[in-house]
Amino acid sequence: MIFFNIVFSVVILQRVVELLIARKNEQWMRRQGAYEVGAEHYPIMLLLHIGFFVTFYLEVSILNRMLPSMWTILFIIFLVAQFIRIWCLVTLGKFWNTKIIILPGTNIVRSGPYRWIRHPNYAVVATEFLILPLLFGATFTAILFSILNLWMLSVRIPIEEQALKVATNYQESFETK
């Protein structure tokens with residue numbers, strides 16, 4: 001349980017820091033003329049993420065879940081996902097956010113992990129929603145929130161891509177590469 005509490009606490013701290021970074025980035029982008037799209041679904045996405053952590057914590061704590069035999073492999077996958085998460089954040093710099101904030105006329109980022117995949121941060125979140133609970137035997141949380149996250153991404157990604165196509169070089173960037 002000590003390992004779980006450490007990992008859980010570090011991930012929660014990471015999310016709080018990310019929210020602070022996102023708020024700072026949003027303020028900077030808005031001063032540059034940016035606007036938000038998809039604000040309607042953002043509170044639902046926040047509830048999804050909060051629900052994930054609450055359910056995950058309760059499943060492991062109340063049901064006294066144990067580390068599976070392949071926990072080291074799962075932990076390595078989790079650590080790689082964390083590396084990619086940080087890589088995404090650093091690559092996007094002031095453009096990284098938890099909201100969909102669009103700065104018209106900017107060129108989209110096509111470096112770092114974005115050179116290979118359009119939405120690497122979403123892939124990281126999907127990986128975490130599956131791997132983190134499985135690492136601690138929380139199968140219910142892994143299945144339920146992986147499904148809910150896929151639903152959320154099916155809403156969020158089209159809204160984000162459409163806004164980027166309208167206001168940036170998003171479409172041209174992917175047509176020529």
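By class, the lining of the largest pocket comprises 26 nonpolar, nine polar and eight charged residues (Ala, Val, Leu, Ile, Met, Phe, Trp, Tyr, Cys and Pro count as nonpolar, Asp, Glu, Lys and Arg as charged, and the others, Gly among them, as polar). The model is predicted: local features need pLDDT of at least 70 and side-chain atom pairs count only at pLDDT 80 or more, whereas totals for chains, interfaces and linings use all residues. Residues are numbered from 1 along each chain as its sequence is written, and side-chain values use heavy atoms, with hydrogens and water left out.

The volume of the largest pocket is about 1,000 Å³. A pocket is an open set of points on a 1 Å grid over the protein atoms alone, where a 1.4 Å probe fits, with protein on both sides within 12 Å along at least five of seven lines; lining residues have an atom within 4 Å of a point. Grid points are joined across faces, edges and corners, and the volume is the space filled by probe spheres set on the points. Of the 43 lining residues, Trp96, Asn97, Thr98, Asn121 and Arg156 are the closest to the pocket centre. At least two lining residues each come from H1, H2, H3 (71-92), strand S2 (100-102), H4 (120-135), H5 (139-167) and H6 (170-176); helices (H or I, at least four residues) and strands (E, at least two) are DSSP runs numbered from the N terminus.

The largest nonpolar core holds 22 residues, of which Phe56, Leu132 and Phe136 touch the most other members. Such a core is a set of buried Ala, Val, Leu, Ile, Met, Phe, Trp, Tyr and Cys residues joined through side-chain atoms within 4.5 Å, buried meaning under 20% relative accessible area with a 1.4 Å probe, protein chains only. H1, H2, H3, H4 and H5 each contribute at least two residues to this core, and the largest share, seven residues, is from H2.

Aromatic pairs number 21, a pair being rings of Phe, Tyr and Trp (its six-membered ring) with centres within 6.5 Å; planes under 30 degrees apart count as stacked, over 60 as edge-to-face and the rest as tilted. Phe8 and Phe56 form a tilted pair, 5.9 Å centre to centre with 50° between the planes. This pair joins H1 (residues 2-31) to H2 (residues 42-62) across 48 residues. Phe52 and Phe56 are stacked at 5.8 Å and 20°. Phe52 counts as buried because its relative accessibility is 1%; the value for Phe56 is 0%.

Note on methods: Buried < 20%, exposed > 50% of the residue type's maximum accessible area, 1.4 Å probe, protein only.
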